[in-house]
Protein chains: 2
Amino acid sequence: MSIIIKPCDGGITAPAGFRASGIHCGLRKNAERRDIALIVADKTCSAAGVYTTNKVFAAPVGVTRAHLAGGKARAVICNSGNANACNADGYDKANATCKALAEELGIAEEEVIVASTGVIGVPLPLEPILTGIPKLHAELDITAEASDLAATAIMTTDLKKKEYCFSYEFNGTTIKMGGICKGSGMIHPQMGTMLGFITTDAAISAELLDRALKAAIADTFNMVSVDGDTSTNDMVTVLASGLSGAAEITGEGEAYDAFCAALNTLCRTMAMAIAADGEGATKLLECNLYNFSDIAGAKTLAKSVICSSLVKCAMFGADANWGRILCALGYAGVPFDTDLVDVRFKSKAGEILVCENGKGHPFDEDIAKSILVEDVIQIEINMKCGNVNATAWGCDFSYDYVRINGDYRS
Amino acid sequence: MSIIIKPCDGGITAPAGFRASGIHCGLRKNAERRDIALIVADKTCSAAGVYTTNKVFAAPVGVTRAHLAGGKARAVICNSGNANACNADGYDKANATCKALAEELGIAEEEVIVASTGVIGVPLPLEPILTGIPKLHAELDITAEASDLAATAIMTTDLKKKEYCFSYEFNGTTIKMGGICKGSGMIHPQMGTMLGFITTDAAISAELLDRALKAAIADTFNMVSVDGDTSTNDMVTVLASGLSGAAEITGEGEAYDAFCAALNTLCRTMAMAIAADGEGATKLLECNLYNFSDIAGAKTLAKSVICSSLVKCAMFGADANWGRILCALGYAGVPFDTDLVDVRFKSKAGEILVCENGKGHPFDEDIAKSILVEDVIQIEINMKCGNVNATAWGCDFSYDYVRINGDYRS
């Protein structure tokens, strides 16, 4: 069975059964910047989440993990401008937010997913959130604009709003899946990830939804690094309303596979957008590692290349310094035969072999430069010792990364 | 017994029995820059080395490791400007260098330590080295100036020459220990380290020398990170001439402990100098982690803080963004109780508590700024769950790091 997954208009409100809103409630000083988003489903959804593996995790991560233990949820509330991490009253405030929203919407407190992003260790002002909740509720809408406003409200140093939707047909029924996310800095997800909220009108059991989400995350969000720092607040959740009209997915099989393929496409698209919009990034780096012996090793090697500060600087300077790629492979802690490795740089301007069998391959510097000045670069590595491939995404290291992070709190 | 270790003038030629030289042989285009260094002992020395753990290691690392297997050496030759890594003829050229030097000096080829530093994957020009060797030999000298020239010749993007000497007295005899090293970029040693060459006139068996070096490296060079990239060429060697007149150290005890204390002081001084002179660095960061339960965990935690790109950017901007420190502790993969952690920033301008029991402690931003604008910053972390301490060194992340590494090869 071949499933055709198509991008479609709209974001998280495109799947049947979801409304969204995004407003300025006052957490940010700049009244022009929206700082709180709400997503509400028409009925209780199957729900799943993945979270940061950082030992220091934010209060909303702890609260949401507990709420989603039962695999059900109905609303997502997320503020930007404050991480609500490392605060003595963090749990009290995350719980107070859930309670206020639940009362406003007439749902159970445990049906609320709460998330925060912003500076760590500054007490979260609760008043703006409590006064914002009725307004968020009043502005809930099914339109694409409403999804836009929610996507905007969760941005921090992101330059681009990240909002996507895909659809596929199964047994004559169209199923949609939308997502919004934010990334930018402190991006090096491990198991969990940066903030991402996915909605779908597929009908699927909570158990299978959880399995599908974990599988998609492993190959997409968890293969992204902007700066090697795993955030305290990473979280991706998915809500499945079941309102597409398609039969419920209750076991593995064609319907589950189709759902996973669509979820994977959506997560990959969101992950690549986060890498491309990394703090200070001028280009998206994609490391494709081919023909390795095992998947865990292949992923570790590809991610080591993407994470190397020296590789990232070389890409910023469009410098074909492939020795740094060999170096990053070598310290990844994965055994391999260095005398087999080929490295190519590739972009829409062309492709060039720079290292063959672990040794330099003579190449034209002008051609290499013309390939590397593009804004999407593929680093193609052939390990020649197996048939397993892995892909990781990252971005270059620029002056702006230093500028942004040298003075983030001001 | 308390041993007083004093800094003293001179570098690697201060201990009895060593001569050095450094010249421009032609590996670098700029004729003003010295590019090859030689250290020769008057007699065969006890010798030990530690090397990079990168799976992709340079040919001179492989050759030196083989030569030092017997624990004896007499000369060190080291070029800058070319790493001799990832080249098809790398071993041939490293061996040819040793052979030519051995013939020139009338010693065995296996008594030569060979090292290289510079760009990876560009074939090493052998001619300049072969014609340089007689000149290096002719210019060997015992003076402090000769040590200076050798220290200068191994520099790459280092801004400061790194040359140190310490002395201590044992049983009425003065023992000296000198070292030169280079660092700057691709600095994140694991087991081995960047290039460092140590000479001493202590008399010590090769076996004990090896043990002492490995112990010193673990707490000094291996606790430094500039950019998280473990080089292909890291190497530290020590030559012990035995010409101080002191009795040979043949077993553990007071003489061995005194030697280890001096070696540790020298290595720590060299390691801190490498961190302070990291590529683009404007300040030295020292992370002191106190009262943890085990040393491996304490080291991992301290190093995680020093390696965080976001912490490094915050220090560049003198921004007391302590949340990033908690974040870096949290993703280090070491279990700890986040609710016990205190964090202080300290410099010669003062000291300030910013986080207590894992939560923000109110602090004066102006005072914090005045502490963090200094060029040596201590990040003091109290884990309050044991009595083990660890220290790691690094530097901030600046615009210049990006500039230098965006265009390293040109």
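Student: What do the buried residues of H9(A) pack against?

Tutor: They pack against helix H7 (295-307), helix H8 (309-316), E12, strand E13 (350-356) and E15 of chain A. Contact here means C-beta atoms, placed from the backbone, within 7 Å. Helices (H or I, at least four residues) and strands (E, at least two) are DSSP runs, numbered from the N terminus. Keep in mind that this is a predicted model: local features need pLDDT of at least 70, side-chain atom pairs count only at pLDDT 80 or more, and totals for chains, interfaces and linings use all residues. Residues are numbered from 1 along each chain as its sequence is written, while chains are lettered from A and ligands numbered from 1 in the order in which they are written.

Student: Okay, and how many residues of helix H9 are buried?

Tutor: 8 of the 8 residues in helix H9 (residues 323-330) of chain A are buried, so this helix is largely enclosed by the rest of the structure. Among them are Arg324(A), Ile325(A) and Cys327(A). A residue is buried if 20 or more other C-beta atoms lie within 10 Å of its own, exposed if 12 or fewer, and partly exposed in between, with C-beta atoms placed from the backbone.

Student: Switching topic: which strands make up the open sheet?

Tutor: The order of its 7 strands is E9-E16-E11-E15-E12-E13-E14 in chain A, with mixed pairing. Two strands pair if DSSP finds at least two bridges between them. At the edges are strand E9 (224-225) and strand E14 (359-360) of chain A, each pairing on one side only.

Student: How many bridges join E12 to E15?

Tutor: There are 5, and strand E12 (residues 342-347) runs antiparallel to strand E15 (residues 376-382), both in chain A. Lys346(A) is opposite Gln378(A) in E15(A).

Student: Which helix packs on the sheet?

Tutor: Helix H6 (residues 254-276) of chain A does, touching E9, strand E11 (284-292) and strand E16 (388-395).

Student: New one: is Cys98(A) buried or exposed?

Tutor: Cys98(A) is buried, because 24 other C-beta atoms lie within 10 Å. Cys98(A) sits in helix H2 (residues 90-105) of chain A. Leaving aside neighbours within four places in sequence, Cys98(A) is in contact with Val63(A), Glu109(A), Val112(A) and Val114(A).

Terms used:
Contact = placed C-beta atoms within 7 Å. Axes fitted to C-alpha atoms, helices over the stretch in contact; angles between N-to-C directions.
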